[in-house]
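Please open the model in your viewer and keep the sequence beside it, as this tour moves from one selection to the next.

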Amino acid sequence: MTETAKKKRGMPSSFTILLALLAIVAVITVIVSGTTDAVTAATFSDFFTAPVKGFADALPVCLFVMILGGFLGMMTETGALDNGIAVLVQKLKGREIWIIPVLMCLFALGGTSYGMCEETVPFYALLAATMMAAGFDPLVGAATVLLGAGCGCLGSTVNPFAVGAAVDALSSKGIEVDQTIIIGLGFLLTVVTTLISIIFVMRYAKKVKADKGSTFLSLQEQKDAEAAHGAAAAEAAKEVKLTGRQKAVLGIFAFTFVVMIVGFIPLGDLNANVAGFFDNGVYDADGNTITQAWSAVVTGLPIGQWYFDEASTWFFVMAIVIGIVGGLSEKQIVNTFITGAADMMSVVLIIALARGISVLMAATGLDMYVLDAAAAMLRGVPSFIFAPVAFLVYFGLSFLIPSTSGMATVSMPIMGPLAAGLGFSPEVMVMIFSSAIGVVNLFTPTSGAIMGGLSLAKIEWTTWLKFAMPLIVILTLVSMVITTVACMVI
C-alpha cells in the first residue's frame, strides 16, 4: 500500500466527521432521556431531518457563501486576482513573511469588533493562493485567517454577537455591567493570544519555506491545493503587470470588502456621529422609513446595521460591477457567476450539516440540560476554582451550542446571576464565556465557517487539528490564567 493511500484512508472527510457527530448526539439524547424528562430522545426522523433544518437555519450564511463564490469567480475571470497576487508577492520578494502578522492583526480587529467569523470564508481560498505564491503552503493561509479572526473573537471587546448578546441577557436579569472592564479584558486577551498565534504561524511558515517536506499537508492535500490554487503560484514566478482594467477591478474588490466590514460593525453602539453619517434617514414614530438613508440605497439598511442578507446583496451587485469594469460580456458575467456559486456548494452543505447538529440539540433539549447541570456544579466554589471550572464548562458547552449569540442568550441568564450571587464579577463571566467559546471555535467541526473555509483551502479538518492543537492548548491555558486572575482581583 502506498503512503498516499494510507494518508487518504486516515483522513475522513468533513461530511463523514459531521455525520458521525450528529449520530453521537442523537444517541446521547436517547441515553439521557431515560434519566430525565428535560431531554427528549431523538427519533430517526429527527436525525435525518436535522441537516435539512440546519440548512434552513443557516440559509442566510449559505446564500452569502454562494454569492461570494460568484463574486470571487468574477474576480478570477478578469485575471485581476491572480495577477494582483503575483504583483504583491513580487513587491514583497524576500519579505513575504510580513504578510502574516499584518493580515492576522486585521482579522483580529474584525473579530474583536464585530465577531468576524462566517465572513472570513472567502478569504481562505484567496490567502491559500497568496501563501502558495509566496513560497509557503495553504495551511499558512488558513491559519492566518482562522487564528487571526478567532483570537479577535476570543477577546471580544465590542463584538455584538458575543459581548453585546451577553450584556443584553444580563441586563434582562437586572444585572448592571461595566463595559470598560469588558473592553479592557477583551483587549488584553486579543493582544496576548494574537501575538502568540502570529509567532506560531510565522515559525511554521519559515520552516515550510526552507523545507517543503516539513508541511503538515498530506500528498493528496498538496495535489488538491495545487489543482485549486497552483495557477496563482505559477503566475507569481512571471513578470506580471496589471492592466488598467485589472487595477480598477482590484480597487473595487478592496472597496467591496471594506464596505462589508464597516457594514457589519454596530456603529450606533460605538459612535453616534459616525452612525448618523451613514444613517441620515427620516423615520416616523413607529420606526418606519419616510426618507431612506443614502447608504441604504443598495441593500435597504444603512451601513452599520447589516447582516448576511445585506452583505449578500452588496456582493451580488458588486460582482456585476466587477464583470462590467473587467470587460466581460453579458454571457461571461452570467456563466461566471453561476459557476462560481456552484463551486461553493460543498462548502454550503458542510455549513448546513454543521448547523444541523446544534438544531438537533436544541430540539431535544440536550443543550439546556447540560447547561443547567453545569451551573449547579459551580455553586459555592471559591473564585480561583470558579473561573477555570466555568471556563471548562463553557468549553464543553461550546460544542453543543456553536452559535456565539445563541450561547450568550441561553447561558448568561443562568451563569451571570450565579456569578453575581457568589460575589464574582459578571463582567469577568462575560469574558470567560467569550474566551472559552472563542478557543473552541478555533477547531470545532460543528463550525460551518471552519469546515467551509478549510474545504476551500483544500485542507482536511484532521490536518488542521494536528497542526493547531499545540497552539490551542497554549491559548486555552493563557485564557484561563487571565480570566482566573481577573475573577480574583475584580
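A crossing of two helices is called left-handed if the near helix is turned anticlockwise from the far one by less than a right angle, and right-handed if clockwise. This is a predicted model, in which local features need pLDDT of at least 70 and side-chain atom pairs count only at pLDDT 80 or more, while totals for chains, interfaces and linings use all residues. Residues are numbered from 1 along each chain as its sequence is written, and side-chain values use heavy atoms, with hydrogens and water left out.

Select helix α8 (residues 138-154) together with helix α23 (residues 461-489); helices here are DSSP runs of H or I with at least four residues, numbered from the N terminus. Their crossing is right-handed, and the residues in contact (heavy atoms within 4.5 Å) include Leu146 and Cys151 of α8 and Phe467 and Leu471 of α23. The axes, lines fitted to C-alpha atoms over the stretch in contact, with angles running from 0 to 180 degrees between N-to-C directions, lie 12 Å apart at an angle of about 20°. The two helices are therefore roughly parallel, a term for angles under 35 degrees.

Next, select Thr190, which is found in helix α10 (residues 179-210). Is Thr190 buried or exposed? With a relative accessible area of 10%, Thr190 is buried, the word for values under 20% with a 1.4 Å probe and protein chains only. Beyond its neighbours within four places in sequence, Thr190 touches several residues, among them Ala108, Cys151 and Gly155.

How values were computed. Buried means under 20% relative accessible area, exposed over 50%, partly exposed in between (1.4 Å probe, protein chains only). Angles under 35 degrees count as roughly parallel, over 145 as roughly antiparallel, 65 to 115 as roughly perpendicular and the rest as oblique.
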